[in-house]
Amino acid sequence: MEELQQRIVQLLPKSSIGRYDLLPVLADKELSREIVRQLAEPYRDKADIVVAPEALGWLLGEKIAAELDVPLLPLRKGEKLPYASEELYRVAFMDYSGHRKSLETAKNAPLDGKRVLIVDEWIETGAQIKAVMALLEKFDCSVAGIATIGADMNERTQSWIEQGIFTCICRGL
């Protein structure tokens, strides 16, 4: 895992402002395959569906869903889905930069009875993942785990580690 982390760090643009640009990491075919394999492995036969927030979470989430041979349910940022408000579940949150945002999904999303793997490319404060979990609470499903390339370590991420539901390659860079 340490070697994989070093390869990721080498590709991170040194001029990134406020967060890490993981596009060069995802564009490296071999590195991307290894990341997906390592993030998916703990959830093999333990997840029925992958849920990922827009936008880079979708890229990583689709790859992990394919590796696990399960469907992907992409979550949209607020007010993007073409449904009436009464057909949606929406959760508001404050992101890592202090901006108010929301995530949403259709009320008929195929989540009932599913074991859900939440995937995002990087977790700064954990607020977006907490919003995903709040959306999932509206369904009869369970969280099998949370998988990410990198995360800033804080009370939320530490709690997920203690619960045994958190897989991360780069912690606290």
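**Pocket and rings**

Visitor: How much space lies in the largest pocket?
Guide: Keep in mind that this is a predicted model. With that said, the space in the largest pocket comes to about 270 Å³.

Visitor: Which element gives the largest share of the lining of that pocket?
Guide: The lining has 20 residues, with Arg19, Tyr96, Asp120, Glu124 and Gln128 nearest the centre. Two or more residues each come from α4 (56-68), β5 (115-123) and α5 (127-136). The largest share, four residues, belongs to β5.

Visitor: Which side chain does glutamine 128 join through a polar contact?
Guide: Glutamine 128 sits in helix α5. Leaving aside residues up to four places away in sequence, it touches Pro53, Lys77, Phe93, Leu103 and Asp120. The polar contact, at 2.7 Å, is with the side chain of aspartate 120.

Visitor: How are the rings of tyrosine 89 and phenylalanine 139 arranged?
Guide: Two aromatic pairs turn up in the whole structure. In this one the ring centres are 5.3 Å apart and the planes stand at 85°, over the 60-degree cut-off, so the pair is edge-to-face.

Visitor: What about tryptophan 160 and phenylalanine 166: what kind of aromatic pair do they form?
Guide: Both tryptophan 160 and phenylalanine 166 are buried. Their centres are 5.9 Å apart, and with 40° between the planes the pair is tilted.

Key. Residues are numbered from 1 along each chain as its sequence is written. This is a predicted model: local features need pLDDT of at least 70, side-chain atom pairs count only at pLDDT 80 or more; totals for chains, interfaces and linings use all residues. Side-chain values use heavy atoms; hydrogens and water are left out. On a 1 Å grid over the protein atoms alone, a cavity is a set of points where a 1.4 Å probe fits but cannot get out, and a pocket is an open set with protein on both sides within 12 Å along at least five of seven lines; lining residues have an atom within 4 Å of a point. Grid points are joined across faces, edges and corners, and a volume is the space filled by probe spheres set on the points. A polar contact is a pair of N or O atoms within 3.5 Å; within protein, one must be able to donate a hydrogen and the other to accept it, and residues adjacent in sequence count only if both atoms are side-chain atoms. Contact means heavy atoms within 4.5 Å. Rings of Phe, Tyr and Trp (its six-membered ring) pair if their centres lie within 6.5 Å; planes under 30 degrees apart count as stacked, over 60 as edge-to-face and the rest as tilted. Buried means under 20% relative accessible area, exposed over 50%, partly exposed in between (1.4 Å probe, protein chains only).
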